[in-house]
Amino acid sequence: MKQNSKSPFLFVLVTCIIFTSSFTFAQGDLMVIPKRLVFAGSERSQEINLINTGADTATYAISFIQYKMNEDGSFDEIENPEEGQNFANEFLRYYPRRVNLAPNEAQTIRVQITKRNLLNPGEYRSHMYFRAVEEVTALEESDIEDEEDAISINIKTVFGISIPIIIRNGASTTKLELKDFNLIQDDNKTKLSIEFNRNGNFSTYGDLSVEYIPEVGESYKITAVRGLAVYTPNNKRKFVLNLPEMEGVDYSKGKLKISYKTAEGKIYDEYLYDLN
């Protein structure tokens with residue numbers, strides 16, 4: 001079927017939401033600091049800093065989006081909370097909601113808790129979403145004539161970054177166990193599969209590190225992954241870690257010491273995996 005040549009172009013926007021594990025969160029030309037906010041105790045407000053690292057002025061719309069975490073660590077966008085999940089956005093206020101940043105310009109976003117007296121004990125989580133706003137330009141006459149009797153689709157990519165904002169109310173009852181270790185040889189690469197088992201009212205968030213303990217000599221760290229989370233209501237997360245090939249490391253002898261701890265050093269769990 002023919003389309004009206006004077007219909008506006010159809011813009012297909014592709015949203016890219018990417019999660020990283022560094023303190024600074026950057027995608028496209030936007031840097032976000034920090035990469036997550038956690039409200040605990042009587043804390044009422046915190047700040048997020050946005051920095052345009054690109055060469056052009058950019059506009060970002062700020063909103064909330066909801067996710068659930070899957071067992072493999074991926075995220076699915078949802079509209080309604082799963083059983084045992086609480087959204088945080090109805091207890092949060094933030095401003096501004098839209099920012100226009102010149103190159104190298106920064107903007108502070110203030111986030112405040114509201115209606116704290118209505119919070120039940122537990123954890124609440126929503127993700128603050130920073131979406132690049134595409135500049136709209138009018139079609140030129142020549143563009144319209146060229147598209148006569150046809151529909152034109154202009155595919156553009158709109159980048160977005162989301163960071164979790166978490167409210168915790170009450171004392172933590174959370175415990176985590178590392179289990180079901182399995183050493184895998186895949187395409188001449190050595191990998192270690194691990195299962196995180198979380199129980200309690202709060203999520204976990206920490207760094208995973210692996211030390212190699214040879215049969216003779218001192219142990220030493222061989223790899224680490226920062227910023228691994230197991231979000232409520234998930235009780236389980238499966239993770240596969242690539243182990244490096246290093247001089248002096250023989251994955252058929254000795255042991256691996258696997259640790260999962262917070263950035264402040266609180267240990268969730270440690271495990272000695274016998275390689276023999």
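Because the model is predicted, local features need pLDDT of at least 70 and side-chain atom pairs count only at pLDDT 80 or more, whereas totals for chains, interfaces and linings use all residues. Residues are numbered from 1 along each chain as its sequence is written, and side-chain values use heavy atoms, with hydrogens and water left out.

The protein chain holds one helix and 20 strands, where helices (H or I, at least four residues) and strands (E, at least two) are DSSP runs numbered from the N terminus. Of its 276 residues, 41% are buried; here buried means under 20% relative accessible area, exposed means over 50%, and partly exposed lies in between, with a 1.4 Å probe and protein chains only. The chain exposes about 15,500 Å², of which carbon and sulfur atoms supply 45%, the areas coming from the Shrake-Rupley method with a 1.4 Å probe. Among contacts (heavy atoms within 4.5 Å) between residues at least 6 apart in sequence, 68% join residues at least 24 apart.

Strands of a sheet pair through backbone hydrogen bonds, either parallel or antiparallel. In this model, an open sheet of three strands has the order β14-β15-β18 with antiparallel pairing, two strands being counted as paired if DSSP finds at least two bridges between them. Strands β14 (175–186) and β18 (236–243) stand at the edges with a single partner strand each, so one side of each is left without a neighbour in the sheet. From one strand to the next, the twist averages 20°, with axes taken as lines fitted to C-alpha atoms and angles running from 0 to 180 degrees between N-to-C directions. Ten bridges join β14 to β15 (residues 189–199) in the antiparallel sense, and among the paired residues, asparagine 182 has serine 193 in β15 as its bridge partner.

Isoleucine 33 stands opposite asparagine 49 in β5, while glutamate 47 stands opposite arginine 110 in β11. The covered face of β5 carries Gln46, Ile48, Leu50 and Asn52, and the uncovered face carries Ser45, Glu47, Asn49 and Ile51.

Serine 209 lies in strand β16 (residues 204–213) and counts as buried at 14% relative accessibility. Leaving aside residues up to four places away in sequence, serine 209 touches Lys221, Thr223, Ala224, Lys257, Ile258 and Ser259.

The structure holds four salt bridges, each a side-chain nitrogen of Lys or Arg within 4 Å of a carboxyl oxygen of Asp or Glu. In one of them, the side chains of glutamate 123 and arginine 168 meet at 2.9 Å, N to O. Glutamate 123 lies in β12 (residues 122–132) and arginine 168 in β13 (residues 153–169), so the pair ties together parts that are 45 residues apart in sequence; both residues are buried. Another joins lysine 68 and glutamate 82 at 3.7 Å, N to O, with lysine 68 in β7 (residues 67–69) and glutamate 82 in the loop between β8 (75–77) and β9 (92–95), 14 residues apart. Lysine 68 is partly exposed at 23% relative accessible area, and glutamate 82 is partly exposed at 30%. Lysine 191 and aspartate 186 also meet in a salt bridge, at 3.3 Å, N to O; lysine 191 is buried at 18%, whereas aspartate 186 is partly exposed at 36%.
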